[in-house]
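Here is a short walk through a structure. Keep the sequence and the coordinates in view as you read.

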Amino acid sequence: MIDEKRRLLLKCTLATGAAGLAAGAGLISAPAFAATKPAQWPDDAFKQKNIDAATQALYGQTAVKSDKIEMNVPTIAENGAVVPVAVKTSLPDVTSIALMIEGNPYALAASFNIPQGTLPYVSNRFKMRKTSDVIALVMSGGKLYSTTKNVKVTIGGCGG
Amino acid sequence: MASSIRVRAIASDGVTDFKSLIRHPMDSGFVKDSKGKLIPPHYIKVVTVKWKDKTVFVADWGPAVSKDPYLEFKFKGGSKGDPLTVSWVDNEGQSDSMTAKIM
Amino acid sequence: MHKRVAMAAAVVIGVLSTGTAANASPQQDLQAFRNYFKTRFPDVAFDDYVNGPYALDKSLRAQWKSIMEFPPYAFALDEGKKLFHTPFKNGKTYADCFENGGVGVRQNYPYFDKKSGQIVTLELAINQCREKNGEKPLQYKKGKMAALSAYMSYMSRGKRFDIKVPDDPRALAAYRKGKEYFYSRHGQLGFSCASCHVQEAGKKVRAQLLAPALGIVASFPIYRSKWGSMGTLDRRFGGCNRNVRAKPFKAQSETYRDLEYFLTYMSNGLPVAGPGSRP
C-alpha cells in the first residue's frame, strides 16, 4: 500500500522533475542528462558475487592494504537495513572510492567518482544481509588501496 | 508533487559539506512482499551532483544501498547562494532532479 | 516479627520492580517511577531519556547521530506540514481545531476530556477535527496520520510534557486502568510492558536494546528502520503485543489510550522530541 503510494509519488515527481520523463523520452542527448546516463554505470562490476572479482571488474587491479584509509562503521549494526558507512583517506590524488560488502548477494555496494576539488570523503547507508566484512577501496594516483572492517548484523529480536 | 530529493549544503572555510536524502524504495530484488512474492529490483543507479556547471560528485549505486538513501560528501569551493543540481536515474529509467542553493 | 519483615520486604520489592502500590496517587507514582530509573541508570541525564536506547549505548548512539545527519522522517515532516496547512473542503484547517493553531501543543496530549469522560490522544483529536469538518477519518497507525502527528510534534519540540489527571474520578480511573495494563502480564509469553521496559530496560532481547519506559513516548511518532516507514504509538503498541504473543487491541482502543495516558504522565517534565528515529 505504502509502496504503491510511493511509486505513484515517484511517477508524479517524474512528470514535474526538471530532468523528468520528458528528458528521458526525447532529449536523451541533452548535456544535463548525459551525465546521469545509466550506460556509465559499471554493470559488470555490480554483477560480481565476490570481492576479488568485483574489484577486478571495477578497477582492473588488486588492492594493497593501507592504514591511510579511515572507515567508520558500527561494530554491531542497529539494523541490517540501515548501516551507516563513512570513508575518508589521507591518500593523495584520489579519483574513486568504492564500498564492498562481502556477505551480500552482490559484493559491490557503491562506487563513487571523486573529481578534482572534491575531498576524498563519502558517507552512505547500506543494507547488509548478515555479519560480514565491509571493504573500502580507494584509487589514489592510479593505484588501488583498501581497508577492511567487520560489522556484526543480528536479526532484530523485537518485531512490530 | 514534492521533489524526491532533499538537500542540505553548507559552505564554510572554503569547503562545501553536501548532505542529501532521496525518497526511493531501493528494492534489492531479494525481498518478498506480504504475499510471498518477490519484489522486483527497483533502485537508483546513478546520482550526479553539479555545482554550477562542474560535476562535483557521481555515485554509482547498487541494490545494497538503503531505502530512502543518504549521501554525504565534501568539495572545495562553493559559497552561499551557489546553485547545486542533484539528479538521479534508476534501473526502471525513472529520474528526478532538483536545484538547491548552498547555505 | 518474621512476617512483618517479609511483608516490608515484599512492599520494597513491589515498589522497586513495579513503581508503586496500586492505589498510590499519580504524583507518587511519577516520583517513584523517576527515582527507579535514576537509581538504575545514574549516569543518564533526565532529558536524555527521550532518546530511548540511544541514551544507554555509545555505539548505538553513534549510529543514530550519523542517521540524524539527515533523519529518515524528513519526508514525513514535509508531508505532514503540507497536510496540516491544506484546507478541508469547507475551507477550515487543522489549525482551527487546536489551541494556538496547533503549534506547541503536543505536550498536553493525551488529555482527559470532561465531556466524553474519555482520554483524547493527539491522533484521536486529529480525526475528531477531520470529522467535525466533514472529512473521513484517517487510519491511525501510519501514513498521513503519522505524518500529521510528526509535524505537530516537531512544532512542539522542547516543550515539556504536562499531562494532567484532573480531580475527576473518571480521569483517575483511566489513569489507573492504563497503569494496571502496563504492569499486568499479557500474551502466551506472559510479559507485561514493565517486564521489558522497567525491569529489563537497558538489557537486550536478541540484538535489540530495551528502551526505558521513562520518556519512551516522547519521540513518537517514529521512523523505524524495521518498518522502513513511519508509525504512531498505536502501531508500536500493536507490535509489542504481538511480540509477547498477545492479540493487539484496535488502534485508539480505550486500553491503548489509557495506557498512553499513564505512560505520558510518567514522562511529565521531559521535552517533546518527536518525530524520532529508531531501529
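Of the 103 residues in chain B, 55% are buried. Buried means 20 or more other C-beta atoms within 10 Å of a residue's own; exposed means 12 or fewer, partly exposed lies in between, and C-beta atoms are placed from the backbone. The model is predicted: local features need pLDDT of at least 70, side-chain atom pairs count only at pLDDT 80 or more, and totals for chains, interfaces and linings use all residues. Residues are numbered from 1 along each chain as its sequence is written, while chains are lettered from A and ligands numbered from 1 in the order in which they are written.

Chain B has seven strands and zero helices. Here strands are DSSP runs of E, at least two residues; helices are runs of H or I, at least four; both are numbered from the N terminus. Along the sequence the pattern reads β-β-β-β-β-β-β. The C-alpha atoms of chain B fill a box of roughly 50 × 25 × 20 Å along the principal axes.

Now take contacts: two residues whose C-beta atoms, placed from the backbone, lie within 7 Å. In chain B, among contacts with a separation of 6 or more, 54% join residues 24 or more positions apart.

Next comes the neighbour. Ten residues of chain B contact seven residues of chain C. On the chain B side, β1 (5-12), β2 (15-22) and β5 (70-76) each give two or more residues.

Finally, chain A. L58(A) sits in helix α5 (residues 51-59). L58(A) counts as buried because it has 23 C-beta neighbours inside 10 Å. Leaving out residues up to four places away in sequence, L58(A) touches P42(A), A45(A), A98(A), L108(A) and S111(A).
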